[in-house]
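Here are my notes on the model. Please read them with the structure open.

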Amino acid sequence: MTVRENFLATIRGEKAERFVDQYGYMHLIFDPVMWEITGMPFTMKPGERVVNGWGVTVDFPEGAPGPLPIHNDELTVLKDITEWREVVKAPNVVLGDAAWADAVAEANSVNRDDALLACFTAPGIFEKLHYLMGMEETFVNFYDKPEEMMDLINFMADWEIELAKEQIKYLHPDVVFHHDDWGSHISSLLSPEMFDEFLLPAYQRVYGFYKENGCLIVHHSDSYGANLVPSMIKMGIDVWQGCLSTNNLPELIKQYGGQISFQGGIDSTKLDHEGWSREEIRKEVESVCRACGTKYFIPSNTMGGPGSIYPGVYEAISEEIARMSREMF
């Protein structure tokens with residue numbers, strides 16, 4: 001089987017030849033809009049501070065796994081949700097053919113009979129909210145100003161659909177790899193009821209547009225989110241990437257396999273550290289693969305992209321996944 005065929009067999013519950021190797025099934029392209037927005041790990045280096053395309057100040061501290069938005073009286077963009085129409089300025093997505101030339105050339109070089117071409121979108125709708133106003137104000141406004149929050153969320157969904165149009169026009173992707181972190185290590189950040197009220201309709205529109213244009217949806221949320229899986233299915237997610245071991249993945253696969261697939265289970269917080277060892281990686285990978293099985297599951301670290309914080313960790317995980325493929329297939 002090609003990489004593509006093996007991936008599709010896995011998420012369809014058919015007979016695959018081996019485990020999917022983490023992110024090995026996708027060729028990920030960062031388009032010019034994402035480069036323009038900046039404030040993401042692939043656009044920043046540790047120690048840098050930038051203002052992203054939404055006007056948010058983003059800091060990438062030395063030794064941190066990634067960049068973070070900064071909020072204080074001076075830097076917070078949206079201090080009053082009722083003023084969002086005047087304050088929030090969406091980045092331009094229509095950049096023209098010349099700006100897309102490099103991304104198009106890269107897309108044309110991809111062997112589509114093997115890998116799936118993936119476009120990238122981040123930060124997601126929930127993340128954009130707390131990037132603009134801070135986490136505490138975001139949560140308060142869900143309760144205190146629900147109509148304004150809904151209007152802002154719909155504005156963001158409209159913007160994401162305009163971005164999707166450009167990505168589809170130029171790249172014709174097989175997959176959208178979309179980030180939006182919805183939980184902590186042990187809990188979702190919103191109750192399922194509040195999640196469905198505010199975020200589900202917007203994502204049904206955004207992901208519905210991608211799916212109408214032939215895209216699979218791979219959603220990154222490196223967190224707990226077991227209680228949100230029914231909502232993920234309703235919004236059209238094909239693969240939930242980043243699912244931590246705290247989600248009881250074997251049970252989720254048993255209950256929801258065939259409606260959604262799961263990529264993760266190998267917690268980066270456990271293995272991606274200074275002084276990591278092959279022994280601990282081997283033990284964790286074997287345990288996760290045997291527990292989760294060969295259908296509807298992609299063993300992977302839980303970071304939001306191929307790679308690791310400490311050199312060699314990602315590659316060692318892949319080597320151990322290959323070993324488990326030889327044992328279990």
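1. Conventions. Helices (H or I, at least four residues) and strands (E, at least two) are DSSP runs, numbered from the N terminus. The model is predicted: local features need pLDDT of at least 70, side-chain atom pairs count only at pLDDT 80 or more, and totals for chains, interfaces and linings use all residues. Residues are numbered from 1 along each chain as its sequence is written, and side-chain values use heavy atoms, with hydrogens and water left out.

2. The largest pocket. Its volume is about 1200 Å³. Its lining counts 44 residues, and the closest to the centre are Pro 41, Pro 65, Gly 66, His 220 and Asp 222. A pocket here is an open set of points on a 1 Å grid over the protein atoms alone, where a 1.4 Å probe fits, with protein on both sides within 12 Å along at least five of seven lines; lining residues have an atom within 4 Å of a point. Volume is the space filled by probe spheres set on the points, which are joined across faces, edges and corners.

3. What lines the pocket. Strand 4 (68-69), helix 5 (125-133) and helix 12 (268-271) each supply at least two lining residues. Helix 5 gives the most, with four. By class, the lining has 24 nonpolar, 15 polar and five charged residues. Nonpolar means Ala, Val, Leu, Ile, Met, Phe, Trp, Tyr, Cys and Pro; charged means Asp, Glu, Lys and Arg; the others, Gly among them, are polar.

4. Helix 7 against helix 9. Helix 7 (residues 146-171) and helix 9 (residues 200-212) pack at about 10°, with axes 9 Å apart. Axes are lines fitted to C-alpha atoms over the stretch in contact, and angles run from 0 to 180 degrees between N-to-C directions. The two helices are therefore roughly parallel (angles under 35 degrees). The contact (heavy atoms within 4.5 Å) has nine nonpolar, two polar and four charged residues.

5. Glu 160. Buried means under 20% relative accessible area (1.4 Å probe, protein chains only). Beyond four places in sequence, Glu 160 touches Thr 121, Pro 123, Gly 124, Ile 125, Lys 128, His 178, Val 206 and Tyr 210.

6. Helix 6 against helix 7. The axes of helix 6 (residues 135-144) and helix 7 come within 6 Å and cross at roughly 115°. Thr 138, Asn 141, Phe 142, Tyr 143 and Asp 144 in helix 6 meet Pro 146, Met 149 and Ile 153 in helix 7. That contact divides into five nonpolar, two polar and one charged.

7. Helix 1. Asn 6, Phe 7, Leu 8, Ala 9, Thr 10 and Ile 11 are buried. Their cover includes strand 5 (116-121), strand 7 (216-220), strand 8 (239-243), strand 9 (261-266) and strand 10 (297-301). Phe 7 has a relative accessible area of 1%. Beyond four places in sequence, Phe 7 touches Val 20, Tyr 25, Leu 116, Leu 216, Val 239 and Ile 298. Just after helix 1, Gly 13 takes a positive phi of about 75°.

8. Ser 231. This residue sits in helix 10 (residues 229-235). Ser 231 is buried, at 4% relative accessible area. Not counting residues up to four places away, Ser 231 touches Phe 195, Asp 196 and Leu 200.

Note on methods:
Angles under 35 degrees count as roughly parallel, over 145 as roughly antiparallel, 65 to 115 as roughly perpendicular and the rest as oblique. Buried means under 20% relative accessible area, exposed over 50%, partly exposed in between (1.4 Å probe, protein chains only).
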